[in-house]
There are 2 protein chains.
Amino acid sequence: MKVAVLGVGLIGGSIGMAASEHVAGAEVVGFGRSSERLDRARALGAIHRVAGSLEEALDEAEVCFCCAPVGALPEQVGAALAAAPPDCVVTDVGSVKRGLVETFGDERFVGGHPIAGAETAGVEHARGDLFQGAVWYLTPTGSSSGILYERLYRLIASLGARPAAVDAASHDRLLAAVSHLPHVMANVLISQAAGRGDLPRVGPSFRDATRVAGANSAIWTDIYIANRSAIADEVDAAVEGLRRASEMLRASDADAVTAWNEQAAADRRRVLDADSPEGAVQELRLTVPNRPGIVAQVALALAQAGVNIVDLALAPASDMRTGAITLWIAGEEQAGRARQLIGDLGFPVA
Amino acid sequence: MKVAVLGVGLIGGSIGMAASEHVAGAEVVGFGRSSERLDRARALGAIHRVAGSLEEALDEAEVCFCCAPVGALPEQVGAALAAAPPDCVVTDVGSVKRGLVETFGDERFVGGHPIAGAETAGVEHARGDLFQGAVWYLTPTGSSSGILYERLYRLIASLGARPAAVDAASHDRLLAAVSHLPHVMANVLISQAAGRGDLPRVGPSFRDATRVAGANSAIWTDIYIANRSAIADEVDAAVEGLRRASEMLRASDADAVTAWNEQAAADRRRVLDADSPEGAVQELRLTVPNRPGIVAQVALALAQAGVNIVDLALAPASDMRTGAITLWIAGEEQAGRARQLIGDLGFPVA
C-alpha cells in the first residue's frame, strides 16, 4: 500500500513511522515545502522516500494524509484531491473539521483528527506509537465513498488508534468545549491577574489553570478562527455560568454554593471516569519532605510495581522545592497498590 | 515563649513543629474540639502538651494562632481574645481576611494567612518546614499594637516564612484573582462539559483546567461566602473578558486574535517570572517513549544534578501511558543543565 504524507511534522512523521511499523508492505512517500525537513524525516525513518512534487507523491497512492496546519488545510486538501488517483482516499489531521468537510464534497475525502501530540511540534518528536490507543475522529458525510472510508478506517486502526465516526459539526462543538474554551479561559485568567498593579505570587491551582495561556499563535490563531462559531457559543455558555455564579455569591446563600460545588465535584468524577479505560480514577495526595529527588523516588517505586500514573501535580512550597504531590491512578487495584508502596516509603497519603 | 495553637490540623500542627524546631525555649500548647486529634498531635511532636481548656491554653501565652476553618474563625478569634492575657498577640491563618479584621479592632489582634499547604488536611501531613520560604500575609490595622505586631512578625520569620504586610481588602482581592476565581472557572468548565449528552474524552489541557473543580466543600463554601464580594467582582471582570473574546471570535479578525493570544503569552511569562526567586522560568518539552518509569528516569537524572523542577505536566497518550512531559525549570543555568541531561538520556527537548 502506497501512503502519501503531505507535511512531515510531529503528526505526519508519526503516521509515517506507525505505517512503516504496523502495515505490511507499506511504502510511505513524503512531500512538503521544506526539502531540509523532508530529508530529516527520511533520516529519522518517518518516510521511505521524498517525492519531488505533489503529483509524484500521489502517483498510485491509495491513502493520502494532509498534515498542514489548520489554516493551510483547505489549499492542501484541494491540491491533493486534484492530483490524487480516482481510488485514493484523502484525509487530514486538523483539529477543526466543519469548514473543510463542507468545502470538499468529493467522494474521496474523509476528514480526520487524531487526539494526540498537541504539545510538541516537529518531526524530531515523531514516534510510531503516538496513536497507540488514541481516539482518531473521522467525519465521513453522505457523499463519502464507503469503500474508501473502510480502507481509511482499517489503516487507522492498524496504526494503533481507535477510529470514531462523528459528524463534523458535533466534532467541532466537542473540541470547543474541552479544548478551545479552556484555552480562552486561561488567556482571560492570566491577563486579568497580570493586569493588577502588583504582580501576584501564584499557587499551584493558578499555574494549572493558566498552563495553556498564550499557546503558540502559529497554531492557535488558525484554530480560533476556523472554529470561531462553536468556540464563541461555548464562551457565551461559560459567561452565563459565571454570571449565575456571581449572582449566587452576592446572594450569600451557603447552601446554594455547597450544592453548586458538589455538582462540580460529581461532574468531575464522571468525566474522569468516562475518560479512563482502566476504571475509576483515584486521587492520592502525598506530603513529602522538602528535597529534590522525591518525585523520582515516588515515580520509580510505582513504575517498578507496574503502576501507571494517569496525571500528576506538584504543589511546591513557595521556595520552589517540592512539598506535596497529587497523583491520579486509574483503577481501584492500581490505586491500592500505589497507596501501599507510598506508605512503605514513609509518606502519608490522603 | 509560650505559643498557643487552637486547632491542630495541617497548618496548626506545622506551626507547632516549626516553632519547636526553630524557636529556642518555645513551649507549644494545643487546644481544640477533638481530644483524640490533640493526642495524635502531641504524639507526632506537633505540640508539647494538650490544654484542658481554652483558658488553660492561653494562660501566660505570648502568641496565639487561631487555626479553625474560615467559617469558624470569628467565634474562635473572639473566644481567644476574651481569654488571652493583655500582652498576647492573637492571629489566625484563614484565607479570607477583611471580615475578621473589621470585626476585631482589639489592639492584640493581627490577621494572618500563610500561603502553604492548601491541598492536604490533617495533622498527619504537618511538617516543620511547611512554611520554608512561603509568603505569610499579615494584615495589621491602625489599631494594632506595634510591639505585638513586631513579635508576631519575628516569630513568623523564624518559622522560615517571609511575612508580608498587606491591608485586608487588598489581600482578599488578590486571593480572589489568583485562587478563588480559578476555582469558580474550573467548576463552570467541568459542569458545562459534563452537561453535554455525550461525556467527552478529555486531554491534558482540560484536566489541568479542571483539577480544582469541586474542591472540598467543607473548606470552600466558607471561603466563597466569606470573600463573596471580591470573588464576585473578579468573576464579573472575567465575564467581561470572555464577552470581549466571544465578540472578537465572531468578528473573525485573525490579527486581533493573534494580538490577544500574544498578550496572554507575555502576561504568563511576567507572572511566572515574578513568582520565581531563582530567575525566569524556562519551559522544556520532552517526547518520551510510551512506557512506565520514564518520569522517574527524568526526575532522577535532574535531581542527581541538583536541578529543581518548579512544575511538571504529563501529556499521556489516550491509553493513559506517558507520552510527553513538560517541565518548568527556574533560571537559565538550571534549565540549560536540564536540557543537557535530558539530551544525554536520548530524549528530544523542545
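Trainee: How many of the five residues of strand 2 of chain A are buried?
Mentor: Four of the five, so strand 2 (residues 27-31) is largely enclosed by the rest of the structure. Buried means 20 or more other C-beta atoms within 10 Å of the residue's own; 12 or fewer is exposed, in between is partly exposed, and C-beta atoms are placed from the backbone. Strands are DSSP runs of E, at least two residues, and helices are runs of H or I, at least four, numbered from the N terminus.

Trainee: Where does this model come from, and how is it numbered?
Mentor: This is a predicted model: local features need pLDDT of at least 70, side-chain atom pairs count only at pLDDT 80 or more, and totals for chains, interfaces and linings use all residues. Residues are numbered from 1 along each chain as its sequence is written, while chains are lettered from A and ligands numbered from 1 in the order in which they are written.

Trainee: Which way do strand 1 and strand 2 of chain A run, parallel or antiparallel?
Mentor: Parallel, joined by five bridges. Two strands pair if DSSP finds at least two bridges between them. Lys2(A) stands opposite Glu27(A) in strand 2.

Trainee: What do strand 1, helix 1 and strand 2 of chain A make?
Mentor: A right-handed β-α-β unit, with helix 1 at residues 10-22. Right-handed means that, with the strands pointing away from the viewer, the path from the first strand over the helix to the second runs clockwise. Strand 2, helix 2 (residues 35-43) and strand 3 of chain A also make a right-handed unit.

Trainee: What about the sheet: what is the strand order in chain A?
Mentor: The order is 3-2-1-4-5-6-7-8, an open sheet of eight strands with mixed pairing. Strand 3 (49-50) and strand 8 (162-165) are the edges, each pairing on one side only.

Trainee: And how many bridges join strand 1 to strand 4 of chain A?
Mentor: Four, and these two strands run parallel. Leu6(A) stands opposite Cys66(A) in strand 4.

Trainee: New topic. Which domains does chain A have?
Mentor: Domain 1 (2-166), domain 2 (171-252) and domain 3 (275-344). The bounds come from an automatic or database domain assignment. The centres of domains 1 and 2, taken over C-alpha atoms, are separated by 31 Å.

Trainee: How many residues of domain 1 of chain A are in contact with domain 2?
Mentor: 12, and they meet eight residues of domain 2. Contact means C-beta atoms, placed from the backbone, within 7 Å. Helix 5 (98-103) and strand 7 (135-139) of chain A each give two or more residues to that side of domain 1.

Definitions and conventions
Two residues are in contact if their C-beta atoms, placed from the backbone, lie within 7 Å.
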